[in-house]
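Please prepare a short briefing on the structure shown below.

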Amino acid sequence: MCGIVGYIGPQEAVPILLTGLHRMEYRGYDSAGLCSVSNGQLIISKRAGRVADLEKVLEPNEHSVKLGIGHTRWATHGLPNDVNAHPHTDASGRIALVHNGIIENYLAIRKQLENAGLQCKSDTDSEVLAVFIGMLYDKLGDLELAVQTALQEVDGTFGLVVVSTVDPDLLIAARRGSPLILGIGKDEYIVASDASAIISHTRQVIYLAENEMAVVRRSGYTTKTIANVATHSEIEEIAFELSQIERGGFAHFMLKEIHEQPSTFHDGYRGRLNIEDGKVRLGGLSKMQDRIREAKRIIITACGTSWHAALVGEYLIEQLARIPVEVEYASEFRYRDPIVNPDDVVIAISQSGETADTLAAVREARRKGATVLGMVNVVGSTIARETDAGVYLHAGPEIGVASTKAFTSQLCVLTQFAMYVGQMHGMSPELSRTIAQHIDALPGQIQEILDRADEMRTIAKQYARSTNALYLGRGVHFPVALEGALKLKEISYVHAEGYPAAEMKHGPIALIDENMPVVFIATKEELYDKVLSGIEEVRARRGKVIAIATEGDEHIKTVADHVFTIPSTLSILSPVLASIPLQLLAYYVAVERGCNVDMPRNLAKSVTVE
Ligand code: M6R
């Protein structure tokens, strides 16, 4: 959701904050703002639009301060306009705050403030919190205590940073539900929602825990709970390189990330899968090995693209390990009082590791006594920390809002997990070896597909003005169809739906006419002939067929309008290859339509609110 950053140290704060905001802009990009503390004054600049728009209105004197905070917003309460942009101040204009999260009881607090004669100027829940802290400061005369007291009364989530003129050597950061990292440099500190805003200053960081706060001065910092109990957080090292969060010559992060998949997929199994004997070793799960072996049922919970990966995972685990699997939207799971037993294993899949719904599902499953595992990309993220054990995706930072490389890495990890559990239950060594060898061929096969990206660009150009699209696949390709449709709608704003191919005749077929492109995943696998029947049904109604087919399939060329071939592999691995052309299709359609591919409207990379 929003990105927040704060700096205290000997350097000019504003350039550091701006760089941080640019790097975190993928988290939210409808407005941006800065506050610096200078000569007993708060200097605030904020406006609707991008960080680049903010830069244009900065005052020259904002470039000589050593303390400040910044924010890039994804609106929850109130329109994205200048007034609602952060930072927000208390009523006296001495205390400023940036906030990521939702203050759920803000209406009750606002009432309390109004009764005390204090008004808010914006429609945001965040300003209510700033004014509340100011009111408490007036009573208590201590900013740290005022922040603690306010946060103890707040329901909801927050990652926040507070600065003030009342103590210009003090920066206070606190979190609950929204990520916050304290970077520890040489005589300087930078706090941010995301390590990308910190890495050019220091690799040494503390991931603040739930309900933890950092009280930071130029001379040092302390960490404690918001209830004022001292904590001793470990200093950790940021694991990625700066180059990984730069575009590296590609037009968009999404395109770069699509093209990174040969190596990111490989990173997902390197050191885990022995290609010679097919044995899988998932070190992160070793302490839960017995619980996993004894599991009677596996529940996978996730949102969005990660949920699509979970559906593929269901297929893989049931095939290879013969353990029943259920897949649940995390947002539904958390509220429906699910039946979860202590001998269930619950897996949470999340690229960001911060998705609020998935995190809540993790907590619910743990509360009910299940063993909870994480399959997460972002190292040190909340879900990674709150699960009993886990496997990192190792896809590297994913900046494009539309998830691509994280999806294929999720498939990579899920395949190995299915083998890992299968091997616990007697999966044959021959099958293990065969799968391992086919997995090891996938990076090269992904590269072969990417080398023909222009073929997909040509197809995309012809359909860039379509207003609807259907994506159809059977078996393990049904989730791939869902994912293809999601990619298209997210970044090109074309309405698209994914269905199991056989479901078309039960309703969606009514939509087919000469203007409807239908993308079939029609690879040569078990249900190929049945998919062909679906293609014929679309043709009979003059729909346009784009087929993702297996190399060497000559017949498909006679029935589809466009064919994009992918190399042959095992059917359980085929979703990895089939999803690549669909990512390219969505990307090129969006580019052709002039859409902002990396920052699509209304979306944000990590959804840390309900
Ligand atoms: O970070 P997560 O994997 O938990 O995120 C889940 C969804 O919000 C995410 O996959 C979303 O659907 C993406 N925009 C998909 O491209």
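**Briefing**

K405 has its place in helix α13 (residues 405-424); helices are DSSP runs of H or I with at least four residues, strands are E runs of at least two, and both are numbered from the N terminus. This is a predicted model, in which local features need pLDDT of at least 70 and side-chain atom pairs count only at pLDDT 80 or more, while totals for chains, interfaces and linings use all residues. Residues are numbered from 1 along each chain as its sequence is written, and side-chain values use heavy atoms, with hydrogens and water left out.

**K405**
- With a relative accessible area of 1%, K405 is buried (buried means under 20%, exposed over 50%, and partly exposed in between, with a 1.4 Å probe and protein chains only).
- A polar atom of the K405 side chain lies 2.8 Å from the backbone oxygen of A395.
- The K405 side chain also reaches the backbone oxygen of P397, at 2.9 Å.

**Ligand site**
- The ligand is surrounded by 15 residues, of which S306, S350, S352, T355 and E490 are the closest; a residue counts as near if one of its heavy atoms lies within 4 Å.
- In the side chain of T355, an N or O atom is 2.4 Å from an oxygen atom of the ligand.
- For the side chain of S352, the distance from an N or O atom to a ligand oxygen is 2.7 Å.
- Q351 places a backbone N or O atom 2.7 Å from an oxygen atom of the ligand.
- On its own the ligand has 410 Å² of accessible area, and the protein covers 91% of this (Shrake-Rupley method, 1.4 Å probe).
- Helices α9 (304-321) and α16 (477-492) are the elements that give two or more residues to the shell around the ligand.
- Five residues of the shell are nonpolar, eight are polar and two are charged.
- Domain 2 (246-447) and domain 3 (452-598) each supply at least three residues of the shell; the domain bounds come from an automatic or database assignment.

**Nonpolar core**
- The largest nonpolar core has 94 residues, and I292, I300, F417 and Y471 have the most contacts inside it; such a core is a set of buried Ala, Val, Leu, Ile, Met, Phe, Trp, Tyr and Cys residues joined through side-chain atoms within 4.5 Å.
- Helix α19 (residues 574-592) gives the most to this core, with twelve residues.
- At least three residues of this core come from each of domain 2 (246-447) and domain 3 (452-598).

**V83**
- V83 is in the loop between β4 (67-73) and β5 (88-89).
- V83 counts as partly exposed because its relative accessibility is 43%.
- The C-alpha atoms of V83 and R47 are 7.5 Å apart in space, and the two residues are 36 apart in sequence.

Terms used. Polar contact = N/O pair within 3.5 Å; in protein donor to acceptor, adjacent residues only side chain to side chain. Nonpolar A, V, L, I, M, F, W, Y, C, P; charged D, E, K, R; others polar.
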